[in-house]
Amino acid sequence: DPAFGSDVGVETIWREGVADEKGFDRIYVAALRAVGIAARLDDKARTEIWNGKNWEPAPRPLITSFLHPKAVESK
């Protein structure tokens with residue numbers, strides 16, 4: 001939800017069940033860490049995971065594809 005504030009913490013996002021894109025990445029990092037996966041936010045606030053040698057972008061969950069739905073063309 002783009003209208004939801006970016007300045008809220010993980011606990012608020014979890015409790016409210018809503019986040020903007022930056023908030024989603026914060027909760028994504030928290031969830032990955034909770035199951036033992038080394039994760040962090042990069043300089044653009046996107047989730048990265050440690051592959052054993054380097055930090056790499058984390059796979060984007062399917063739910064993020066709903067953020068910017070493509071226009072459906074009518075025939």
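Reply: Helices (H or I, at least four residues) and strands (E, at least two) are DSSP runs, numbered from the N terminus. Starting at that end, the protein chain goes α-α-β-β-β. This is a predicted model, where local features need pLDDT of at least 70, side-chain atom pairs count only at pLDDT 80 or more, and totals for chains, interfaces and linings use all residues. Residues are numbered from 1 along each chain as its sequence is written, and side-chain values use heavy atoms, with hydrogens and water left out.

Me: OK, how do the three strands line up in the sheet?

Reply: They make an open sheet in the order β1-β2-β3, with antiparallel pairing. Two strands count as paired if DSSP finds at least two bridges between them. β1 (39-41) and β3 (55-57) are the edge strands, each pairing on one side only.

Me: How many bridges join β1 to β2?

Reply: Three. Within that pairing, Ala39 has Ile49 in β2 as its bridge partner. The two strands form a hairpin with five residues between them, and Ala45 in the turn has a positive phi of about 65°.

Me: And what about β2 and β3?

Reply: Strand β2 (residues 47-50) pairs with β3 over three bridges, again antiparallel. Glu48 sits opposite Pro57, and Trp50 faces Trp55. That hairpin has four residues between its strands, and Gly52 in the turn has a positive phi of about 105°.

Me: Switching topic: where does helix α2 lie?

Reply: α2 (residues 21-34) lies across β1 and β2, at about 165° to β1. For such angles, axes are lines fitted to C-alpha atoms, for helices over the stretch in contact, and the values run from 0 to 180 degrees between N-to-C directions. Contact means heavy atoms within 4.5 Å.

Me: What does Val29 touch?

Reply: Leaving out residues up to four places away in sequence, Val29 touches Ala39, Arg40, Leu41 and Thr47.

Me: Which residues make up the largest nonpolar core?

Reply: There are six: Tyr28, Val29, Leu32, Ala39, Ile49 and Ala58. α2 gives the most, three residues. A nonpolar core is a set of buried Ala, Val, Leu, Ile, Met, Phe, Trp, Tyr and Cys residues joined through side-chain atoms within 4.5 Å.

Me: And how much of the chain counts as buried?

Reply: 21% of the 75 residues. Buried means under 20% relative accessible area, exposed over 50%, partly exposed in between (1.4 Å probe, protein chains only).
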